[in-house]
Amino acid sequence: MLIEALASPCGHTRTEHALTDRIGWPRCLHTRVGDKRHYRRMLVRKHAEMRNSDGFVESKHCSNKNDKSSDTWQTCKRRDALAGGTMLVVCTSGRYSSNSRYPCSPWKHDGTAVASELATEWSVTDGESELLIRNDGTINLSGPYPNEWKQNLSLKLPDQALVGPARGFTGPPGALDGVALSVEWPGGIQLHVWRASTMHSGRLEDKFSTWAYGIDQGYLLEFVLQKESLRKQSCVCGAEIALELCDGIHWFGGAHMLRQLWPLERAQWEIGPLYPFDHGPNGLGSVVGCHWVSSTGSVVMVDPKTPLLHFGLNSPTTSQNGRSPRYFGVGVQHLAQPILPLIDPAQGTHVFKHGGDGFMHIQARSSWEDRNVLHPWQSFDFAEVPSDEICSSRTGNRPGDCAVLRLALAAKGDARNATVTALRSLRCPGQPPLSILLERSIWTTWATSHADVTQSEVLALSRNILKNEFRPGVLEIDDRWQARYGDLKFDHEKFPDPKQMVKDLHDLGFLVTLWVMPFFQEGSQAYREASERGYLVKGGPPPTAMQEISVGGVGQRLGSTVKVLVDEYDWPPGHWEGGGRGGQLRSGQFRWWGTQPVGALDLTNNTAIDWFVARLKRFQDNFGIDGFKFDAGEPCFLPKGAVTSRPLHYPGQYTQLWVKQVASQFPVSEVRSAYSTTEYSGLIRMGDRDTVWGLDNGLQSLIPALLTSSILGYPFCLPDMIGGNAYWGQYPDTELMVRWAQVSVMMPAVQWSIPPWDISDIALKACLAAERAREEVLLPRLPMLARMASQTLVPICRPLWWLDPTDEETFAIDDQFLIGDDVVVAPVVQEGARWRKVYLPKGEWTQWGIDSHVNINGTGRSYHRHFYTNADMIFIGPCWIVVDAPIERLPIFMKSDDSSLLTVGTAG
């Protein structure tokens, strides 16, 4: 039997009922909903709904599908649930058993809708979208847009939830902070749903508005699961909501990864912590977001303050062997790590039938324990979430007794609307970075000098930049300018006269920045001072060297052994001065990519932050330094058993403090770690890239990382240095150097390190041509785009679907991007390619370029005289075209106003 009760728009449901049995009749229910005008009788074995022209829903009920006589076929009208009410649909068959744990009546005597073992479905509407929840934990999100795909989700319920029926509550206004619907399963498992349109009311605003206030119509979910219910559960490890992935629907957002894929479902992203990492166990990087959007307009956001937040997407169906788990390592340990995430073998065709499980998993776990993934936080004791952050549950759960997952969902019709909705929920910087950071290039000493940088090398680099006709910009002095890490003192042997060096660089037109991080080398004066004052993160007993090399699988043990030996014997030599060597750690120390044990600044201590920032500013004033490159900041760089002065509630809080409390105090700055820090007005750098071509952290990963940054609300993206980091004996040839430059120069900021004049004369001339193209194409548009981005987070560099989010051909293109709405950039990222296919979205397009071939084969360098626009041919998109792309040419297309049109190619 199916019984239907419709709540009023304000959430009240008043019902009278009587259960009857008659020979030959199905069981029936007489209901009175609201007032007498809505009285009706419902019989059912079959139920269908149709919306009529008056905005009502017609419900047809039939006890016999072959008998449609007037006695057995009845039609009743109910007010459309889209008016904002909550619909309860209840199904059962037969009588209640005498030993049922719930009373027969599904209603309280006061007329308020309450729990019933009859319930199977509940529907909540907000505006013209609908969220349908079933008692088996499955959820369906649908929106008002025609032909819009319905997003399927599911709660992962423990066995205890299945011993009895779910119960649904709608309650009067004001109950449970204005909750639209609460569903409770046996074992104290609860799902609370609010309409996003009611967010700005009472405590609900405190709970959701800091991270989801941009959703005007949608749903705010709070899934509460008692940890007690997880005992003896092998498949459920916390509160989890899974979204079904479907062929033809693409997902964007998430985080930077070691192997950056666009769109996301191309990857098999293994489930792991969703907080910033330096090469995390599952490939996670330093820039992490907490929202995802689909090509059909679904928006999924998770509370970034969630403790023990885990995520996976299309994860491999075969998990890691516990004897060989994924692990976090640093420095040379990376050599033993696989490049993750894995690429799904289907490559976008029937993607979910090949290896991946076909779901997006979002979890608030009950503990860090995971035999398949090893990382530093498994030794930390994070603070329990304050009680006012926990839902007002009907069972009165204490914070430590339950896992709580909060999501926001919305259906927005297309990817652009979905992205704008997500970005509206994030804080804006209000102003862009200083113009020189965007208009001029950054030159860093890292890739050529690494830790051996000297004053003479810095000055030589600056002179060569000008000599080779590059404009002066920012010159960043990277690692080992200090004698000991943390002291903020130039190594007097490497830098005999740093004040004069800075003055000389300023005279040449450069700004000067220095590399810093929140670490202190043992043996440094700063380490002793910070330790005495209690400014360092404390730790528990450190692991012995033998314990370090005995953990994890073969790859981790090998990597750890090499790392311990490198640190112990100080290779390369000269890096341990004052550190007492690094084979054995002391309490509060940890390993990083250097060879010295270090301690970390306690960023939860406000006095420690003030001390650290004051030292930086005093040093800045003494030497005339313009700003800093703030490296690290990921919470993976903390000692075993880390103890902070003010408890961290979740690992990402450490990154937030580093960016908001330290880096944000310096106008000329860049960071590489980000976690809900979109209000930062400096540059957000991509992680270190290897000097290779592929998606495996090489050239082809740059555009996917740029577009991911744009979706996550970080429009001021700084790509890693052109040509990569030259690690492990890698070094770019002419082709890789030129193609890398052509990709980078059209991004919001650009960074050099390997001098193109050291590669070849062709590389130099082609790289200069790329810089001039930036000046002609990007820079005139940049002030307006940067201003808009700082106020709205609308990206400067955009995915192709931004122009036409209904164009399915654009969704999987990962080697082109837009600048604003009128420039398509299509660099060559395939080794050896001298032509490429280019997709042009809807509009009229003209190819733009630099005729630099003459310069490369000749002696002249007047590149600014050789810009051209091929006005003889205008392409009408959407279309695919094929263009020549010799090594010196960067394919660029610009919106055309010419009325003389030529249709080329075929629409996608």
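Q: How many disulfides does the structure hold?

A: This is a predicted model, and the structure holds zero disulfides. A disulfide requires a pair of cysteine sulfur atoms within 2.5 Å.

Q: How does one read the packing of two helices, and at what angle do helix 10 and helix 11 pack?

A: One reads the angle and the distance between the axes, and then the residues in contact. Helix 10 (residues 606-623) packs against helix 11 (residues 652-662) at an angle of about 50 degrees, and their axes are 11 Å apart. The two helices are therefore oblique to each other. Their crossing is right-handed. On the side of helix 10, the contact is made by Ile 609, Phe 612 and Val 613; on the side of helix 11, it is made by Trp 658, Gln 661 and Val 662. These residues divide into five nonpolar, one polar and no charged.

Q: Why do residues three or four places apart in an α-helix point the same way?

A: An α-helix has 3.6 residues a turn, so residues at that spacing point the same way.

Q: Are helix 13 and helix 14 roughly parallel or roughly antiparallel to each other?

A: The crossing angle decides this, and angles under 35 degrees count as roughly parallel. The axes of helix 13 and helix 14 (residues 761-778) cross at roughly 5 degrees and come within 9 Å. The two helices are therefore roughly parallel to each other. Helix 13 contributes Thr 734, Met 737, Val 738, Ala 741, Gln 742 and Ser 744 to the contact, where they meet Ile 762, Ala 763, Ala 766, Cys 767, Ala 770 and Arg 774 of helix 14. By type, the residues of this contact are eight nonpolar, three polar and one charged.

Q: How many of the residues of helix 13 are buried, and what covers them?

A: In helix 13, eleven of the eleven residues are buried, so the helix is largely enclosed by the rest of the structure. Among these buried residues are Glu 735, Arg 739 and Trp 740. The elements that cover the buried residues include helix 12 (702-712), strand 38, helix 14 and strand 40 (817-819).

Q: Where does Val 745 lie, and which residues does it touch?

A: A single residue is read by its place, its accessibility and its contacts. Val 745 lies in the loop between helix 13 (734-744) and strand 38 (751-752). With a relative accessible area of 0%, Val 745 is buried. Not counting residues up to four places away in sequence, Val 745 touches Val 750, Ala 770, Glu 771, Arg 774, Leu 778 and Leu 890. Val 745 and Glu 771 are 26 residues apart in sequence, and their C-alpha atoms are 6.3 Å apart in space.

Q: Is Ser 560 buried or exposed?

A: Buried means under 20% relative accessible area. Ser 560 has a relative accessibility of 5% and therefore counts as buried. Ser 560 belongs to helix 9 (residues 554-569). Apart from neighbours within four places in sequence, Ser 560 is in contact with Gln 333, Glu 548 and Ile 549.

Q: Which residues does a cis peptide bond join, and what is phi of His 450?

A: Most peptide bonds are trans, and most residues other than glycine have a negative phi. A cis peptide bond joins Trp 262 and Pro 263, with omega about -5 degrees. Pro 263 is in the loop between strand 18 (251-257) and strand 19 (267-273). Gly 877 and Pro 878 are also joined by a cis peptide bond, with omega about 10 degrees, and Pro 878 lies in strand 44 (residues 875-884). Turning to phi, His 450 has a positive value near 50 degrees. His 450 is found in the loop between helix 4 (446-449) and helix 5 (455-467).

Key: Residues numbered from 1 in each chain as written. Predicted model: local features only at pLDDT ≥ 70, side-chain atom pairs only at ≥ 80, totals over all residues. Heavy atoms only, no water. Axes fitted to C-alpha atoms, helices over the stretch in contact; angles between N-to-C directions. Helix = DSSP H or I, 4+ residues; strand = E, 2+ residues; numbered from the N terminus. Parallel < 35°, antiparallel > 145°, perpendicular 65-115°, else oblique. Left-handed = near helix turned anticlockwise from the far one by under 90°. Contact = heavy atoms within 4.5 Å. Nonpolar A, V, L, I, M, F, W, Y, C, P; charged D, E, K, R; others polar. Buried < 20%, exposed > 50% of the residue type's maximum accessible area, 1.4 Å probe, protein only.
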